[in-house]
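The model shown here is predicted.

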Amino acid sequence: MLGLTRKDFTLFAIVVVLALLAPVLLNPFPVNSALGQTFNAGYPALMQRFAIFGILVVGFNILFGLTGYLSFGHAAFLGVGSYAAVWMFKLLSFNIVPAIILSVVVAGLFSVVIGFVSLRRSGIYFSILTLAFAQMSYALAYSVLTPLTNGETGLQVYPSDPQYLAAAGAPSGPHFFGLPMAQATTLRLGDWAFTFQVGYYLCAIMLIAAFYLSIRIFRSPFGMMLRAIKSNQTRMNYTGLNAKPYMLRAFIISGMYAGLAGGLLAAMDPLTGAERMFWTASGEIVVMAILGGVGTLIGPVLGSGVIKYLENIVSKINESVLHNALAFLPDGIENFFVTVIHPFVGEGWHLTLGLLFMVIVIFLPGGLVEGGQRLAGLFGRRSTATTAADRDAARQSPAE
Amino acid sequence: MGILEIKGINKRFGGLQALGDVNLSIQENTVHAIIGPNGAGKSTLLNVLVGKLIPDSGSVLFDGQSVLGRKPFEIAQMGISRVFQTPEIFADLTVLENVQIPCFAKRDGSFRMHALEPVRHEREIGRQAEAMLDEVNMLGKADVIASSLSRGDKRRLEMAMCLVQEPRLMLLDEPTAGMARADTENTIQLLKDIRKRRGITMAIIEHDMQVVFSLADRITVMAQGTPLVEGSPDDIKVHPKVREAYLGETQI
């Protein structure tokens, strides 16, 4: 269906359902309960981030997952995309369409330049070159390019900005032909409340489109060539294939994905700053991809989701939340557990992330996707074993 | 005039004269073996032919066109393909994909952007790849990841990948090095079959005399970077200079 195999279509359907129903699925607890206050992740600002970083890492995975070239400067494209979008808001109007188109185009052009230079080297040298470019962009945005980036203050839209194309009655924030991004309806069901926001659904649709495109790329001859580059460049050359243009296209596509993510960030909140391009932001993308499962289709979506969840939810858990959650225990034991858990939550969420990352890299090199496959294998061992045997038999019979 | 004309090739690495005035002509539709002791310059010569090394002087003409200064992928597109000492395959891909890639390279040239249509919709490529796998008796392993193949099967797969490109000249660098006797026999048989069915010109660098004498029509013996003698296998077997320089060490 949709040009996908049954298996790919299932993955695609899962992502579509998750994305469209996120406002419900991520709010499993009643609004005013202690659990709900802490663990409900279904609020628009966070869900937007799930979707946007999902797009970013899906794009990053086209480069890193397929070709094995580790870009350590991908946040630069995100930042450039954001700046481009905010400039469109300042010059034209708050309509997000030209803003997002320009952010993709500008990030694409930017990645042509960076890719052309960086791809002259491979391995660690490629990573260092991309890192150098990203840090250079960051430093420039802070200093020389202040007229373009508004330096430390960050770029934002002021009432004095021209907005040449703004219509008289248009919303005073980013909108899609008059439909404001911030507009939302809340559905109340008893103690539960689910918020459906226009901005989130824009991000979700973009994620779905981005994910669909990535499946098509993975399964295309182009995707196969990229995997061939990762596998054996010597054979690639002696097969009469020129690896360079393939690599450069992959780099540009991946940069454009990042530009789209940057444009969407600006469309959700029309301001941006240079810190979006800082090397830790690039590092986060790499961590997300590895955590989810490099080179798998759905891994990037999972990885970015888990990290954004930890960053926003686990970081909210403070001592009093812990005391509340463990109130059913006798005082002494309660205090003991609070003391033990406390370093891992709240501001200590990086510790949790670090440990999780180490566990995954050591025990599940294929990331969360491999974890899922192993779980599925544990529960469905009998059935998968028989089907595998059937398949083998079916394959061998014609050859004999 | 041979399909490959090598004239006056010189190559120095610092103080070492790796190739000194090499002249060699490989005739179409022959199997031409290049033998010689270690350090005779065989591998250096091969690297010059595929564009990996640029010689200090001399010329290499393939079918009348100069090969020198071209990149390996351009030389491959001209119709020269190479089989390595250790099989170079796409180890992470399936056997079928390994053969599909050269099918695309043959049809679309060194680069073509087709990023949306799935590979499985390319029916002609699929048929071609399967026919090739059938020819080397590997169709039953089409869905196997190539890294899990045996050494002999990897060699077979690499040959299939080269054959798909319909090369006019195949360069083989010690195709049986490090192989067990049975695998060596299989490889010899495979090369004979390819020869018989497709009549591809082959240049083989080889240490194993059994392989050389069971395949070659012409033999060039190299020593210290220059061709010493060239002749038919029967000539070479009895040539006094050869026995002295090389074969004297081994029993034939």
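In this predicted model, strand 3 (residues 31–35) of chain B runs parallel to strand 9 of chain B, and four bridges join the pair. Within strand 9 of chain B, Thr220(B) is the residue that stands opposite Ile34(B). Strand 9 (residues 218–223) of chain B is mostly covered, with five of its six residues buried. Strand 9 of chain B also pairs with strand 10 (residues 226–231) of chain B, here in the antiparallel sense and over five bridges, and Val221(B) has Val229(B) in strand 10 of chain B as its bridge partner. Two residues lie between strand 9 and strand 10 of chain B in their hairpin, where Gln224(B) adopts a positive phi near 50°.

| Partner strand in chain B | Sense | Bridges |
|---|---|---|
| Strand 3 | parallel | four bridges |
| Strand 10 | antiparallel | five bridges |

Chain B is divided into domain 1 (1–70 + 167–252) and domain 2 (87–166), whose C-alpha centres are 27 Å apart. Contact between these domains of chain B involves nine residues of domain 1 and ten residues of domain 2; on the domain 1 side, helix 6 (residues 181–198) of chain B contributes the largest share, five residues. By class, that side comprises six nonpolar, two polar and one charged residues.

Between the chains, the contact takes 34 residues from chain B and 28 residues from chain A. On the chain B side, helix 3 of chain B gives the most, with six residues, and the side as a whole divides into 20 nonpolar, seven polar and seven charged residues.

Conventions:
Residues are numbered from 1 along each chain as its sequence is written. Chains are lettered from A and ligands numbered from 1 in the order in which they are written. This is a predicted model: local features need pLDDT of at least 70, side-chain atom pairs count only at pLDDT 80 or more; totals for chains, interfaces and linings use all residues. Domain bounds come from an automatic or database domain assignment. Two residues are in contact if their C-beta atoms, placed from the backbone, lie within 7 Å. Ala, Val, Leu, Ile, Met, Phe, Trp, Tyr, Cys and Pro count as nonpolar, Asp, Glu, Lys and Arg as charged, and the others, Gly among them, as polar. A residue is buried if 20 or more other C-beta atoms lie within 10 Å of its own, exposed if 12 or fewer, and partly exposed in between; C-beta atoms are placed from the backbone. Two strands pair if DSSP finds at least two bridges between them.
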